Amino acid sequence: MGALAGLVASRVAREFHFGGPSHSVCSEDTSGLHALEVALRALRMQELDVALAGAVDLNGDLRSLLANDAVRHYSRSGRARPFDAAADGAIPGEGAACLVLKRLADAERDGDRIYAVIRGVGTASGTTSGSRLPAQAAYEQALARAYADADVAPASVGLLEAHGSGSPGEDAVEAQALSAFFGRTHASTAERVIPCHLGSTKADVGHTGAAAGLVSVVKASLCLHHQVIPGLRHLERPRAELAGATRIGLPRQPRHWVRDRAEGPRRAGVTSTSAEGGCVH
């Protein structure tokens, strides 16, 4: 494809003889989640009956790696350690993910295997003064908008697939936002609050760039389907910003995702942020 990445969606559609609109979305690390958002809106508006939302990033080219490292340093230790006090950066990864999306009633009617139901999406944008880091306020706003769109209580979420790059600055902002937001919901809700476990695909497969957010959706969907909470790899000493977040758990090992049926379904949240301050949950 060379440099014409915008043609990928239409080439795929042509090869498989798909009808309907096909287009590419580019917003750095949040590209996959924004493509998912576009598909969800079209399904809600009855403009489509089936949508494919995909993301791919093959950033292993040496020139690409050097350019990325100049902006956000990769780990010199060779390990991504999201939310660890000694984390020193992400590690490069490549990946692709694709979701088949339908309205729930249509999927049930057609007898499809349903891995997860997407209830809401929230987006916001803003950077911390003097840096390219996402602003904490923008991150929290994306969370609030997502749960308002879904019409579910944040206190009912049992798994958070975070951006969790392992870059100290990004992890600090994210940890502060998660502690503040879920701390407030803990204090204000009258419902029984369940533990919320933190995860990150960056520790599993590296930073897959534009595909990262959608890779996290795939992981969260499989966690719901198999009813498993995965461990957060390489975690030794959690960041100080998470010390007071009594509801947020940092699992060291995989565990069964047990629940009381009276509390409703298992729920997960997925977040991705980008270098220009974009936040999607």
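**Serine 167**

I began with serine 167, which counts as buried at 12% relative accessibility. The cut-offs I used are under 20% relative accessible area for buried, over 50% for exposed and partly exposed in between, with a 1.4 Å probe and protein chains only. Serine 167 sits in the loop between β4 and α6. Helices (H or I, at least four residues) and strands (E, at least two) are DSSP runs, numbered from the N terminus. Not counting residues up to four places away in sequence, I found serine 167 touching His73, Gly89 and Ala90. Contact means heavy atoms within 4.5 Å.

I note that this is a predicted model, in which local features need pLDDT of at least 70 and side-chain atom pairs count only at pLDDT 80 or more, while totals for chains, interfaces and linings use all residues. Residues are numbered from 1 along each chain as its sequence is written, and side-chain values use heavy atoms, with hydrogens and water left out.

**Sheet**

I looked up the strand order next. The open sheet has four strands, in the order β7-β5-β4-β9, and the pairing is parallel. Two strands pair if DSSP finds at least two bridges between them. β7 (248-249) and β9 (268-270) are at the edges with a single partner strand each, so one side of each has no neighbour in the sheet. Strands β4 (residues 159-161) and β5 (residues 196-199) run parallel and are joined by three bridges. Opposite leucine 159 I found histidine 197 in β5.

**Aromatic pairs**

For rings of Phe, Tyr and Trp (its six-membered ring), I took a pair as centres within 6.5 Å; planes under 30 degrees apart are stacked, over 60 edge-to-face and the rest tilted. By this rule I count four aromatic pairs. One of them is stacked: phenylalanine 16 with phenylalanine 18, at 5.7 Å centre to centre and 15° between the planes. Phenylalanine 16 is exposed, with a relative accessible area of 54%, and phenylalanine 18 is partly exposed, at 42%.

Tyrosine 147 and phenylalanine 182 form an edge-to-face pair, at 6.4 Å centre to centre and 80° between the planes. Tyrosine 147 belongs to helix α5 (residues 136-150) and phenylalanine 182 to helix α6 (residues 168-188), so this pair ties together parts 35 residues apart in sequence. Both partners are on the buried side of the cut-off: tyrosine 147 has a relative accessible area of 8%, and phenylalanine 182 has 1% relative accessibility. I also noted a cluster of Tyr147, Phe181 and Phe182, linked by ring pairs.

**Helices α2 and α8**

Two packed helices are described by the angle and the distance between their axes. I found that the axes of helix α2 (residues 31-44) and helix α8 (residues 212-226) come within 5 Å and cross at roughly 70°. The axes are lines fitted to C-alpha atoms, for helices over the stretch in contact, with angles from 0 to 180 degrees between N-to-C directions. α2 and α8 are therefore roughly perpendicular; the classes are under 35 degrees for roughly parallel, over 145 for roughly antiparallel, 65 to 115 for roughly perpendicular and oblique for the rest. Gly32, Leu33 and Leu36 in α2 meet Gly213, Leu214 and Val217 in α8.

**Tyrosine 115**

Tyrosine 115 is partly exposed, at 37% relative accessibility. Leaving aside neighbours within four places in sequence, tyrosine 115 is in contact with Ser221, Leu222, Leu224 and His225. Aspartate 88 is 27 residues apart from tyrosine 115 along the chain, and their C-alpha atoms are separated by 34 Å.
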